[in-house]
Amino acid sequence: MQERLYAGKRWSLLILLQAMDTAGKDSTIEHVMSGINPQGCRVVSFKAPSQLELSHNFLWRATCALPGRGEIGIFNRSYYEEVLVVRVHPELLKKQGLAPQLMGKDIWQERFTSIRAFERHLIGNGTIILKFFLNLSKAEQRRRLLERIDRPEKNWKFDAADLAERRHWDAYQASYQDAIAHTASEAAPWHIVPADNKWFSRLFVAAAIVDCLEKRNLEFPEVDEEAREAMARARDELMAEGDDGESRLTKGRDDG
């Protein structure tokens, strides 16, 4: 299906992965996408925005990273961070250079409206959007954080910032609930993925991607008559060559 998507160049597929820390976004990308051609796939991880990104609207950096037609784009976190982490940490909003009158109490609803319009625009121009929230329990996150501390081979994964964010667990849950409720649509629904068991969350995501692409009935593009005639001429030329690649017509002239 990926080959047909790439060959047809009519659709692009955008996969969004959102989750709390340790929920398995990285490993989901690694396992689910391991069977596809990397030439037609791009993964973008959205970290803290740069100064250049902060000088533009909150959707700008995501727009620059969108997949082209025929491509699969994976956002490890996404523009939804602007209504999640920024909402939990309002001090980040003050760093975005917005005029004070634009940072009122309705800013989150306004951003939800912008996101819905942005996604409608993408869908109307041939981008298929799949949004996944890997729903990790607080108890399982604790276990995974302890594992990163206790197992030497996983120490490199531990980040003290993850523990700091865990202290805002309830605020994050409320922000996720609000964001999902206000941005789910028939064309771009949210898939809530139970993430305590990694094997299940990977299977869930893989199945959703396959199901989505199957519904598009992707086919290889049909070749027009002009192209068929060009291929016929090319075939005649190639068949005129011997098995060693030397032209029979040229060989005959040389022998004469």
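**Close-up views of the predicted model**

**View 1. K105 and D106 pair through their side chains.**
K105 counts as exposed, at 76% relative accessibility. The cut-offs are as follows: buried is under 20% relative accessible area, exposed is over 50%, and partly exposed lies in between (1.4 Å probe, protein chains only). The model is predicted: local features need pLDDT of at least 70, side-chain atom pairs count only at pLDDT 80 or more, and totals for chains, interfaces and linings use all residues. Residues are numbered from 1 along each chain as its sequence is written, and side-chain values use heavy atoms, with hydrogens and water left out. D106, the partner of K105, is partly exposed at 39% relative accessible area. Their side chains meet in a salt bridge of 3.5 Å, N to O. Such a bridge needs a side-chain nitrogen of Lys or Arg within 4 Å of a carboxyl oxygen of Asp or Glu. The structure holds 14 salt bridges.

**View 2. A salt bridge joins D178 to R87.**
The N to O distance is 2.7 Å. D178 sits in helix α9 (residues 169-183) and R87 in helix α5 (residues 85-88), so the pair ties together parts that are 91 residues apart in sequence. Helices (H or I, at least four residues) and strands (E, at least two) are DSSP runs, numbered from the N terminus. D178 is buried, with a relative accessible area of 18%. R87 is partly exposed, at 27%.

**View 3. R143 and E140 form a salt bridge within helix α7.**
Their closest N and O atoms are 2.7 Å apart. Both residues belong to helix α7 (residues 138-150). They are 3 residues apart, about one turn of the helix. R143 is partly exposed at 42% relative accessibility, whereas E140 is buried at 12% relative accessible area. Salt bridges with shared partners also link E147, R151, E153 and K154 into one network.

**View 4. A nonpolar surface patch is formed by L146, I149, F158 and L163.**
Together the four residues have about 320 Å² of accessible area. Areas come from the Shrake-Rupley method with a 1.4 Å probe; for residues, only the protein chains shown count as cover. Patch members have over 30% relative accessible area and no salt bridge; like charges are joined within 9 Å, nonpolar side chains (Val, Leu, Ile, Met, Phe, Trp, Tyr) within 5 Å. L163 belongs to helix α8 (residues 160-166). Its relative accessible area is 38%, partly exposed.

**View 5. F132 is a buried residue of strand β4.**
Strand β4 covers residues 127-135. The relative accessibility of F132 is 0%. Residues up to four places away in sequence aside, F132 touches I15, L16, L17, Q18, W190, H191, V193, V205, A208 and I209. Contact here means heavy atoms within 4.5 Å. F132 and I209 are 77 residues apart along the chain, and their C-alpha atoms are separated by 11 Å.

A disulfide is a covalent bond between the sulfur atoms of two cysteines. The cut-off is a pair of cysteine sulfur atoms within 2.5 Å. The structure holds 0 disulfides. C64 is partly exposed, at 49% relative accessibility. C212 is buried, at 9% relative accessibility.
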